Amino acid sequence: MRIGIVCPYAWDVPGGVQAHIRDQAETLIDMGHAVSVITPVEDPATLPAYAVDGGRPRPVPYNGSVARLTFGVKATARVRRWIREGDFDVLHVHEPLAPSLGVLACWAARGPIVATVHSSQERSRVLITGYYLAQTALEKISALIAVSEHARRTIVDHLGGDAVLIPNGVRVDHYLGAEPLRTWPGPAIGFLGRMDEPRKGLAILLAAFAGVRARMPTATLVLIGPGDADEVLSGVPADVREGIVILGRVGEGEKARALASLDAYVAPNTGGESFGIVLLEAMAAGAPVVASDLDAFARVLDGGRCGVLFPVGDSAALESTLLAVLDDPDARRRLTAAGVRRVAAYDWRTVAGDLIDVYASVTAGQSGVREDLRGQIVGRLARRRELGGDDAS
Amino acid sequence: MTLWWWILAAALLLAVLGLYLSMTAGRLDRLHRRIDTSRHALDSQLLGRSALVLDVASSGLFDPATTVVLADSAHAARAASEDDVVPRGLAESNLTRVLVEAIPDVSEADALREVAADPTMLDDLRGTCVRVQLSRRFHNDAVRACRQVRRQRLVRWLRLAGHTPWPETVEMDDTPPPGLTAR
């Protein structure tokens with residue numbers, strides 16, 4: 001199958017949507033499909049072979065923050081050419097509500113279009129200000145996918161349609177059997193995420209770790225992720241601080257190896273987490289998981305059968321849970337085995353199989369994706385401009 | 001002088017109205033086409049499902065009793081797709097129910113996988129049942145989007161939809177056999 005994927009955000013800026021698209025494209029290519037991704041990018045030299053430069057992103061204030069988006073006549077022309085030359089069987093647009101390449105692709109193409117909604121916004125400005133135009137673009141989408149129940153609610157509430165729930169995936173093969181990064185002096189507890197983001201709950205873990213360290217003086221806390229650690233650690237007593245190792249921001253491979261070296265991975269989040277992909281990554285790497293009992297985490301951990309849950313924000317409960325887990329090697333082995341089994345359902349190969357079913361349902365009896373030139377002034381301008389450019393060359 | 005302003009304003013209003021109407025007509029056209037293609041896709045998935053069920057039934061995978069019931073309902077579904085004596089939704093729902101009964105849980109599916117000459121047959125069956133469900137969902141979604149536009153007052157008064165019949169959703173039971181989809 002020839003699949004064209006549209007990424008709305010800059011490829012070389014780290015982000016959940018970009019990582020999702022990268023994993024999707026690489027898994028589909030592994031499965032033998034022809035995949036092309038068009039994406040905004042700061043430095044086209046960083047693009048992998050399957051990606052096409054969709055133009056430079058521009059920082060614009062949008063939906064309450066500054067987003068780096070790509071739009072305009074030039075971007076439209078690039079998207080049109082990509083659609084014309086790609087000869088795709090199906091077009092897969094990510095985040096169709098963001099005013100970026102996704103909306104442009106919806107306008108510029110006709111045929112089977114599939115779209116995935118990632119964000120779960122309460123109110124989307126596109127839908128209010130540009131309701132008519134957005135609606136016109138959205139009406140061309142044959143199948144809507146939501147990555148989470150939250151995202152699905154956004155679609156049901158704001159668009160009046162329904163969406164198929166296909167959750168995010170994990171590249172299990174990247175984590176399974178990862179070589180431990182190093183051996184720690186004692187039992188190792190890990191945290192992954194932005195250190196200075198309160199909702200990630202590092203403060204709760206630090207309080208619990210002080211108690212753990214009192215009982216197990218060799219215990220180590222490994223902090224992985226970006227953010228200013230000094231500020232978070234300023235209130236930590238010196239003897240506890242000695243047990244804390246900061247790895248900072250690490251690459252994919254190093255992350256897998258760091259997770260593999262842990263005796264317990266802790267997700268002390270207090271909210272705002274819609275899916276819990278890091279839990280799955282830790283499980284795939286073989287780390288026993290201890291997580292706050294948020295709905296999303298409880299779902300991923302199968303109600304506590306594949307990991308240990310503790311009440312949200314309760315550092316005393318986290319402390320006793322951690323001590324129990326670190327004291328019981330049999331329980332850890334059981335958790336690791338259950339986690340590895342659990343994660344298979346979220347493997348990207350399974351997810352990609354579900355996507356292929358969606359593609360097959362919308363492409364049946366259709367001849368593929370074509371350029372749509374009807375009634376679009378911007379599109380006509382872009383076409384003329386592009387033809388002029390071709391003549392000159 | 002004010003008269004000219006009024007005329008100008010009226011002309012501008014007419015132009016905007018005309019643009020809006022032509023865009024809405026184009027939009028309706030697109031929505032109707034989307035319904036056509038989604039209906040077509042659903043048809044081909046349903047035909048694919050009954051054909052595959054007949055294949056599976058004739059492969060001797062199931063016991064004789066299940067085989068007879070499966071083949072019977074698959075034939076009925078195919079017959080209903082050609083002439084509308086039996087409502088098609090009913091015939092397809094019957095096929096769905098028989099499939100659910102044939103593979104009610106994972107242990108049944110595992111037992112079948114062990115005796116199957118070609119284990120991929122069950123995966124194909126899962127795939128086709130899931131695609132039927134997806135196609136129907138996408139079709140009904142297209143119908144809903146189209147109805148939303150066709151209910152607008154201007155569209156009704158000016159008959160922008162022409163003679164295209166009021167779009168209908170497809171109602172049927174499309175639950176895939178639980179033994180195949182459980183993970």
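I am working from a predicted model.

**Entry 1. A:A229**

I looked up where this alanine sits. A:A229 belongs to helix α9 of chain A, residues 229–233. Is A:A229 buried, partly exposed or exposed? I found 16 other C-beta atoms within 10 Å, so A:A229 is partly exposed. The buried class needs 20 or more such atoms, and the exposed class takes 12 or fewer.

I then checked a distance. A:A229 and A:G248 are 19 residues apart along the chain. Their C-alpha atoms are separated by 8.5 Å.

**Entry 2. A:A324**

A:A324 lies in helix α14 of chain A, which runs over residues 315–327. I counted 12 other C-beta atoms within 10 Å of A:A324, so this residue is exposed.

**Entry 3. Helix α12**

How many of the 9 residues of helix α12 (residues 277–285) of chain A are buried? I got 9 of the 9, so the helix is largely enclosed by the rest of the structure. I noted the names: A:I277, A:V278, A:L279, A:L280, A:E281, A:A282, A:M283, A:A284 and A:A285 are buried. A:E281, a glutamate, is on that list of buried residues.

A:G286 follows α12(A). Its phi is positive, near 95°.

**Entry 4. α12 against α15**

Next came the packing of α12(A) with helix α15 of chain A, residues 329–343. Their axes come within 8 Å. They cross at roughly 120°. That angle makes α12(A) oblique to α15(A). I logged the crossing of α12(A) past α15(A) as left-handed.

Which residues meet there? From α12(A) I listed A:L280, A:M283 and A:A284. From α15(A) I listed A:G339, A:V340, A:R342 and A:V343. I sorted the residues of this contact by class: 5 are nonpolar, 1 is polar and 1 is charged. The spacing of such residues has a simple background: an α-helix has 3.6 residues a turn, so residues three or four places apart point the same way.

**Entry 5. Chain A as a whole**

Chain A has 393 residues, and 48% of them count as buried. Its secondary structure comes to 17 helices and 17 strands. I took contacts between residues at least 6 apart in sequence; 69% of these join residues at least 24 apart.

I noted two domains. Domain 1 covers 2–169 + 348–392, and domain 2 covers 173–346. Where they touch, 8 residues of domain 1 are in contact with 5 residues of domain 2. What classes make up the domain 1 side? I found 2 nonpolar residues, 6 polar and no charged.

**Entry 6. Chain A against chain B**

Last, I checked the contact between chains. I found 20 residues of chain A in contact with 24 residues of chain B. Which element gives the largest share of the chain A side? It is helix α16 (residues 348–363) of chain A, with 5 residues. By class, the side of chain A that touches chain B has 7 nonpolar, 8 polar and 5 charged residues.

Conventions: Residues numbered from 1 in each chain as written. Chains lettered and ligands numbered in written order. Predicted model: local features only at pLDDT ≥ 70, side-chain atom pairs only at ≥ 80, totals over all residues. Domains from an automatic or database assignment. Contact = placed C-beta atoms within 7 Å. Nonpolar A, V, L, I, M, F, W, Y, C, P; charged D, E, K, R; others polar. Helix = DSSP H or I, 4+ residues; strand = E, 2+ residues; numbered from the N terminus. Axes fitted to C-alpha atoms, helices over the stretch in contact; angles between N-to-C directions. Parallel < 35°, antiparallel > 145°, perpendicular 65-115°, else oblique. Left-handed = near helix turned anticlockwise from the far one by under 90°.
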